[in-house]
Amino acid sequence: MITLTVCNHKGGTGKTTTSINLSAALALGGYKVLVVDLDPQGFLTRMMGQPEPEVSASSLMLFEQELGVKPPIIQLPTFDLIPSSPALSTAQRRLTKPTDVLWAKEYIQSEIKGYDVVVLDTAAAVTVYSLNALVASDLVVIPVLPEYQPVIGAEQTYQTVKMVQKKLNPGLTVCRFLFTMVDGRKRNHLAYRKYLREKYGEDVLNGIIRTCTTLSVSSRDGRTVYDSNPTARGAIDYANLADEVISYFNLEESQVSGPSSHAGPLYS
Ligand SMILES: Nc1ncnc2c1ncn2[C@@H]1O[C@H](COP(=O)(O)OP(=O)(O)OP(=O)(O)O)[C@@H](O)[C@H]1O
Ligand SMILES: [Mg+2]
């Protein structure tokens, strides 16, 4: 099982869209995927058509393990979900001990069984939840818009990831920038990609996510891009991203359920 965090301290860079559609692409590729919404705003939970859960049925329970309550896992058509609750917001005031960054890792290792990939969606800030996500992860994807401020924000996020890797989680072996909402006709978009490539080399994913209206529309009504239009640019781009992610970890076929009839590249 691998754990993958999608994070960027900057807002609106495509984190939740990436969490949803990368997870869907992995699931359609035959992998069993669990998504944990760690953003107190709970947009992923809402975008997947889920109502606000009881606190005891939310991802907050990962951080309140002394209560001994395991949030039920919601089975969506493509992947499974532990939803977020606004209670995460107030609870973070209590999570101030140095060891409070270890809860998610502990929960995933001891309680989450039967998945190939766990995807953690995070808020646009350095919070105890995003640090927990980094401490629990093998792989981090930093979605970045090819514009000035988002690129600076992504570089700052990269530094945070590297610090967590060094001090808290040597198992976090892969950290990659992912360009999102790319418009190939814009010269500055190409220039920012070149800039990050020259500075960070292979830590910039080959795959990019192009601007795609279907991605923004489908995320509003509980569907993934594969439900709305599997031939949309966004569907193809996230399938290619899933292939790239899988290639890092030799997840050749589902280690949980065996190869499914969907296994293999979605698009070749
Ligand atoms: N490739 C894309 N093409 C077009 N629109 C996109 C694309 N990716 C994301 N969007 C849109 O951009 C907006 C921000 O995306 P998203 O919510 O995924 O970002 P986020 O980083 O999770 O935001 P936040 O920091 O608020 O959590 C949304 O309206 C989403 O539909
Ligand atoms: Mg989000």
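The entries below go from the ligand to the cores, and then to a helix and a few single residues.

**Ground rules.** I am working with a predicted model, in which local features need pLDDT of at least 70, side-chain atom pairs count only at pLDDT 80 or more, and totals for chains, interfaces and linings use all residues. Residues are numbered from 1 along each chain as its sequence is written, chains are lettered from A and ligands numbered from 1 in the order in which they are written, and side-chain values use heavy atoms, with hydrogens and water left out.

**Entry 1, the ligand.** I started with the surroundings of ligand 1 and found 16 residues there, the closest being G12, K15, T16, T17 and C212. To be in this shell, a residue needs a heavy atom within 4 Å of the ligand. By type, I noted five nonpolar, eight polar and three charged residues. (Ala, Val, Leu, Ile, Met, Phe, Trp, Tyr, Cys and Pro count as nonpolar, Asp, Glu, Lys and Arg as charged, and the others, Gly among them, as polar.)

Next I checked polar contacts, meaning pairs of N or O atoms within 3.5 Å; within protein, one must be able to donate a hydrogen and the other to accept it, and residues adjacent in sequence count only if both atoms are side-chain atoms. A backbone N or O atom of T13 lies 3.0 Å from a ligand 1 oxygen, and G14 also places a backbone N or O atom 3.0 Å from an oxygen of ligand 1. For C212, a backbone N or O atom sits 2.9 Å from a nitrogen of ligand 1. Ligand 1 taken alone exposes 630 Å², and the protein buries 77% of that (Shrake-Rupley method, 1.4 Å probe). (Helices are DSSP runs of H or I, at least four residues, and strands are runs of E, at least two, numbered from the N terminus.)

I found T13 in the loop between β1 and α1. Is T13 buried or exposed? T13 is buried because its relative accessible area is 1%; buried means under 20%, exposed over 50%, and partly exposed in between, with a 1.4 Å probe and protein chains only. The T13 side chain reaches the backbone oxygen of P143 at 3.3 Å.

I then looked for nonpolar cores, which are sets of buried Ala, Val, Leu, Ile, Met, Phe, Trp, Tyr and Cys residues joined through side-chain atoms within 4.5 Å. The largest has 40 residues, and L4, L22 and V33 are among those with the most contacts inside it. Helix α10 (residues 233–249) gives the most to this core, eight residues. A second, separate core of 23 residues includes V36, L60, A104 and I108.

I placed K113 in the loop between α4 (103–111) and β5 (117–121). K113 counts as exposed because its relative accessibility is 57%. Its side chain has a polar atom 3.2 Å from the backbone oxygen of Q109, and the K113 side chain also reaches the backbone oxygen of S110 at 3.3 Å. K113 and M1 are 112 residues apart in sequence, with their C-alpha atoms 8.6 Å apart in space.
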